[in-house]
Amino acid sequence: MASSSSSFLSLKAFPISFPSTKQHPKKSYSSFPKIGFSSFKYENENNSPGETECPVPAEQQPINEFQSLSNSFPFSWASSDVVEYSSRLFATGACFALFVGLPVSWLGSIRPESEPVRLVFGSAASGLFFVILAVVRMYLGWAYVGNRLLSATVEYEETGWYDGQIWVKTAEVLARDRLLGSFSVKPVLGRLKNTLVFLGTSLLMCIAILSNPDSHKTAFIPPEEPGGRAVAGVYNDDSARNFEPDAFCGGDSLVP
């Protein structure tokens, strides 16, 4: 009995653990993969030699430039969701077309009330042109940061433009930057290229419609009214008498 009681007491000293049945929340994925910046920071005191010996100032390091670009206006639009990205570009172009393009088209037209199609496409072309400029600016910013992330060297300035230096990245820093550039910057550049193609095609269509003289003909005034004129390509004696009275001095009409 003594041995059985001692064995029972020894079993109580080791608690039995059961597997947890707690459900983990589902992860939400955005349009582009996000790489956390906390994984690139070293929390211990013994930092890697590549990070400790990096002479590049903090504001000129490619990873910090990428983080600053991702949170700045309007460059952060390009890395946002597709719906948010499209809606912001549409709102920007619509506001510019309504408050700038439409008044300019109205003042630049001789008879704006008789040419509504010209006004609409003129203001739309101005809005598209403004959005194209904004997308080009975003593309240049993202391309600059992407090139610095994918490059094996970093050009930096210690105190000013006159003392430029070049630092060769270590293997760890190069692998980190190229991972960030391949999975976070290249998809953004592809989206901006597709946007420029779509906007450029739309702008060319608007210009073609505005260049077509048949799309905005002047309203026709009947020849019977004073100062009226005939339709292009159709001869009319009354209209010819108003513009060339000397040609009808010998008779009432040129047609026998």
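**Reading the model step by step**

Modeller: Let's start with a record: an unreviewed UniProt entry lists residues 89-107, 119-140 and 192-210 under "transmembrane region". UniProt positions are given here in the numbering used for this structure, feature names are shortened, and annotations may be inferred rather than shown by experiment. The coordinates are a predicted model, in which local features need pLDDT of at least 70 and side-chain atom pairs count only at pLDDT 80 or more, while totals for chains, interfaces and linings use all residues. Residues are numbered from 1 along each chain as its sequence is written, and side-chain values use heavy atoms, with hydrogens and water left out.

Colleague: What is the helix and strand content of residues 89-107 and of residues 192-210?

Modeller: Helices (H or I, at least four residues) and strands (E, at least two) are DSSP runs, numbered from the N terminus. Residues 89-107 are 100% helix and 0% strand, with end C-alpha atoms 26 Å apart. Residues 192-210 are also 100% helix and 0% strand, and their end C-alpha atoms lie 27 Å apart.

Colleague: How many helices and strands does the protein chain have?

Modeller: The protein chain has seven helices and two strands. Along the sequence they follow the pattern α-α-α-α-α-β-β-α-α.

Colleague: How should I read the confidence, and what does the protein chain average?

Modeller: pLDDT is the predictor's confidence in each residue, from 0 to 100. The protein chain averages 76, and 65% of the residues score at least 70. Over residues 24-30 pLDDT stays under 50, and the model has zero contacts there beyond four places in sequence; contact means heavy atoms within 4.5 Å. Residues 36-51 also have a pLDDT below 50, but that stretch has 14 contacts in the model beyond near neighbours in sequence. Where pLDDT is low, the predicted coordinates should not be read in detail.

Colleague: What share of the residues in the protein chain is buried?

Modeller: Buried means under 20% relative accessible area, exposed means over 50%, and partly exposed is in between (1.4 Å probe, protein chains only). Of the 256 residues in the protein chain, 30% are buried. Among contacts between residues at least 6 apart in sequence, 63% join residues at least 24 apart.

Colleague: How many aromatic pairs are there?

Modeller: Rings of Phe, Tyr and Trp (its six-membered ring) pair if their centres lie within 6.5 Å; planes under 30 degrees apart count as stacked, over 60 as edge-to-face and the rest as tilted. By this rule there are three aromatic pairs. One of them joins F66 and W142, whose ring centres are 5.9 Å apart with planes at 75°, so this pair is edge-to-face. F66 lies in helix α3 (residues 62-70) and W142 in helix α5 (residues 116-150), so the pair ties together parts 76 residues apart in sequence. Both F66 and W142 are buried. Another pair is F73 with W77: their ring centres are 5.3 Å apart and their planes at 80°, so this one is edge-to-face too.

Colleague: Where does G141 lie, and what is it in contact with?

Modeller: G141 lies in helix α5 and is buried, at 10% relative accessible area. Leaving aside neighbours within four places in sequence, G141 is in contact with L69 and F75. The C-alpha atoms of G141 and F66 are separated by 9.7 Å, though these residues are 75 apart along the chain.

Colleague: And where is G181 found?

Modeller: G181 is in helix α6 (residues 171-211) and is buried, at 1% relative accessibility. G181 and G146 are 35 residues apart in sequence, with 5.5 Å from C-alpha to C-alpha. Not counting residues up to four places away in sequence, G181 touches L149, L150 and K186.
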